[in-house]
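Please report on the aromatic pairs and the nonpolar core of this structure. Give the cut-offs with each term.

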Amino acid sequence: MSTTANSDGRWGRIMIRSFLAGMAISIGCCVYLSCDVKWVGAILFSVGLLTVVAFGLDLYTGKVGYIVENPPAFVLDVLLIIVGNFIGCLFVGLMMPYDAAGPLVDAKLDVEWYRVVFKGLMCGILMFIAVDFYKQRKSFLAIFFCVPVFILAGFEHSIADMFYFCSAGVYTLDALVFIVLVIIGNAIGGMLIPFCRRYMYEPPAETA
């Protein structure tokens, strides 16, 4: 299956979609860093996830929750998506260095590792809610609630953080560890609801 997927260009298409998703989230980060009023920037940040779901792009935090509902090979897709997302963030980050990114990154690196994971977990939950709501109802409503909530609450989004570090020009081991911790937290949070909903509802009644 993997060979077929590679030969028909599937991985290449994933890379293109994930690269564009990284750019879309980076646009949200740019407007957030440019806003003096924090809550306004948090709302406008939603343009990133809105673009992702509207155009069917591949964003790590929008895909990782569905690992529990897909075959094991889906994990490889998710790992490739992370790479594509990073390249998109790196591209925009290099082109758009923000002075505000430096202090933001310094503050993030000053947080204990277990809190970083937990903040990533909480963001992962919200991102799954936003994406799954769109998948089920074709509505952007949850995006305009979940995205500002994760930003204003101080939760961590691994792809957005990639942009902030790239924009600040911080490529250290500490930065890498931080991003990995957030990736792990996002994965736990993203998979929490789809995993639990297998067991937390009554099974449908059998019809005669």
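Tyr134 is buried, at 15% relative accessible area; buried means under 20%, exposed over 50%, and partly exposed in between (1.4 Å probe, protein chains only). Phe140 is partly exposed, at 30% relative accessibility.

This is a predicted model: local features need pLDDT of at least 70, side-chain atom pairs count only at pLDDT 80 or more, and totals for chains, interfaces and linings use all residues. Residues are numbered from 1 along each chain as its sequence is written, and side-chain values use heavy atoms, with hydrogens and water left out.

**Aromatic pairs**

The whole structure holds eight aromatic pairs. Rings of Phe, Tyr and Trp (its six-membered ring) pair if their centres lie within 6.5 Å; planes under 30 degrees apart count as stacked, over 60 as edge-to-face and the rest as tilted. Two of the pairs are tabulated here.

| Pair | Centre to centre | Angle between planes | Class |
|---|---|---|---|
| Phe45 and Phe150 | 5.9 Å | 85° | edge-to-face |
| Tyr134 and Phe140 | 5.2 Å | 25° | stacked |

Phe45 sits in the loop between α3 (38-44) and α4 (47-55), and Phe150 in helix α9 (residues 141-152), so their pair ties together parts 105 residues apart in sequence. Helices are DSSP runs (H or I, at least four residues), numbered from the N terminus. Phe45 and Phe150 are both buried.

A charge also meets a ring. The charged end of Lys135 sits over the ring of Tyr66, 5.1 Å from its centre. The criterion is NZ of Lys or CZ of Arg within 6 Å of the ring centre and within 35 degrees of the ring normal.

**Nonpolar core**

The largest nonpolar core has 57 residues. Such a core is a set of buried Ala, Val, Leu, Ile, Met, Phe, Trp, Tyr and Cys residues joined through side-chain atoms within 4.5 Å. Phe45 and Phe150 are among the residues with the most contacts inside this core, as are Leu49 and Val147. Elements giving two or more residues to it include α2 (10-34), α6 (74-95) and α11 (173-196). Helix α8 gives the most, with nine residues.

Beyond its neighbours within four places in sequence, Phe45 is in contact (heavy atoms within 4.5 Å) with residues including Ile25, Tyr32, Val147, Phe150 and Tyr164.

**Leu44**

Leu44 is found in helix α3. Its relative accessible area is 41%, so Leu44 is partly exposed. Setting aside neighbours within four places in sequence, Leu44 is in contact with Val31 and Cys35.
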